[in-house]
Amino acid sequence: FAIEKVEQRSAAVQLRERATAVASALERRSNANAAYLRAGAALFATLDDVPPSRFRRFVSELRLDSDYRGPDGIGWAERVERSGIADFNVRLAKEYGADVQMHPALAAGQTYAVPVGFLEPDSERNRRALGYDMFSERTRRTAMIEAERTAQPVASGRVVLMQEGPGKNNGFLIYMPVFETSQNGARLKGFVYSAVNAQDFLASALRSESIDDVQVKVYDGRVAPDRLMASNLPDVRNGTSVTQQVAIANHPW
């Protein structure tokens with residue numbers, strides 16, 4: 001019995017150490033993500049306009065394919081007033097084709113939109129998100145408002161990314177606000193953001209720690225079935241478990 005108790009304690013300590021390692025790996029990836037977004041915000045805050053060529057060059061220099069594991073890419077979403085939607089649609093159609101427009105239509109009482117203008121790398125999958133007004137959806141809007149309030153990168157809660165399609169893997173977004181200054185003070189210009197597939201994000205963290213023999217689940221905010229973001233193995237209902245909190249871009253997991 002004494003030997004068994006010692007083995008159980010040892011197993012529990014090892015499990016806690018692995019949970020801590022996974023949390024640290026997730027935080028490192030989140031911090032790297034935020035660093036890229038801060039760099040983008042610093043660049044675009046100095047520009048009166050954000051031309052597609054400048055944005056593509058900026059993203060290409062980040063070497064996303066080799067260094068940016070987990071996120072689908074980096075995007076730019078500008079603040080568009082109701083009076084500027086027609087002009088935004090003209091610019092979007094000129095860049096990507098006449099069938100790409102802002103959607104959904106601005107709701108009554110909504111004074112401005114934050115539609116996706118660019119999302120790089122430019123792929124057929126990422127183009128599905130172009131024109132989508134992220135401010136029209138509550139979970140994304142909550143994160144954007146908090147990011148604007150704090151002037152910090154803020155992750156959204158659990159969503160299905162527009163490029164994924166309905167019923168696909170869960171994801172989340174990280175928003176970094178960009179401000180323009182004038183005599184009247186600072187005004188929100190838009191957001192540099194990243195769209196992240198949660199399953200890929202978790203898998204990259206587990207690979208870095210060589211963890212493949214325990215089940216890991218990540219939850220948005222609290223542990224509940226409707227909050228599950230991603231899991232690495234089929235559901236397991238036996239054995240010991242531990243819970244570890246982690247902050248992903250100022251959002252609790």
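Ala151 is partly exposed, its relative accessible area being 34%. In this predicted model, Ala151 sits in the loop that runs from helix H6 (138–150) to strand S5 (154–155), and its phi is near 55°, a positive value in a residue other than glycine. A second residue of this kind is Ser210, with phi also near 55°. Ser210 belongs to the loop between H7 and S8 and counts as exposed, because its relative accessible area of 63% is over the 50% cut-off. Such cases deserve a look, because most residues other than glycine have a negative phi, and most peptide bonds are trans.

His103 and Pro104 are joined by a cis peptide bond with omega of about -10°; Pro104 is found in the loop between helix H4 (85–96) and strand S3 (112–113). The bond from Glu120 to Pro121 is cis as well, with omega near 0°, and here the proline lies in the loop leading from strand S4 (116–120) to helix H5 (124–127).

Stepping back to the overall fold, the protein has 7 helices and 11 strands. Its C-alpha atoms fill a box of roughly 75 × 35 × 35 Å along the principal axes. Of the 253 residues, 44% count as buried. Among contacts with a separation of 6 or more, 63% come from residues 24 or more positions apart.

The largest nonpolar core comprises 71 residues, and those with the most contacts inside it are Phe44, Met134, Phe172, Tyr175, Tyr193 and Trp253. Helix H1 (residues 2–44) gives the most to this core, contributing 9 residues.

Strand S6 (residues 171–182) runs antiparallel to S7, with 12 bridges between them, and a hairpin of 2 residues links the two strands. Within this pairing, Pro177 has Phe191 of S7 as its bridge partner. Strand S7 (residues 185–197) is mostly covered, with 10 of its 13 residues buried.

Helix H7 (residues 198–208) holds Gln199. Gln199 counts as partly exposed because its relative accessibility is 28%. Not counting residues up to four places away in sequence, Gln199 touches Asn169, Asn170, Ala230, Ser231 and Asn232. Between Gln199 and Val159, 40 residues apart in sequence, the C-alpha to C-alpha separation is 12 Å.

Asp220 lies in the loop between strand S8 (217–219) and strand S9 (228–231). Asp220 is buried yet has no salt bridge, and the nearest side chain of opposite charge, that of Arg227, is 4.0 Å away. A polar atom of the Asp220 side chain does, however, lie 2.9 Å from the backbone nitrogen of Arg158. Beyond its neighbours within four places in sequence, Asp220 is in contact with Gly157, Arg158, Arg227, Met229, His251, Pro252 and Trp253.

Technical notes
Residues numbered from 1 in each chain as written. Predicted model: local features only at pLDDT ≥ 70, side-chain atom pairs only at ≥ 80, totals over all residues. Heavy atoms only, no water. Helix = DSSP H or I, 4+ residues; strand = E, 2+ residues; numbered from the N terminus. Buried < 20%, exposed > 50% of the residue type's maximum accessible area, 1.4 Å probe, protein only. Lys, Arg positive; Asp, Glu negative; His and termini not counted. Polar contact = N/O pair within 3.5 Å; in protein donor to acceptor, adjacent residues only side chain to side chain. Contact = heavy atoms within 4.5 Å. Core = buried A, V, L, I, M, F, W, Y, C linked by side-chain atoms within 4.5 Å. Pairing = 2+ DSSP bridges.
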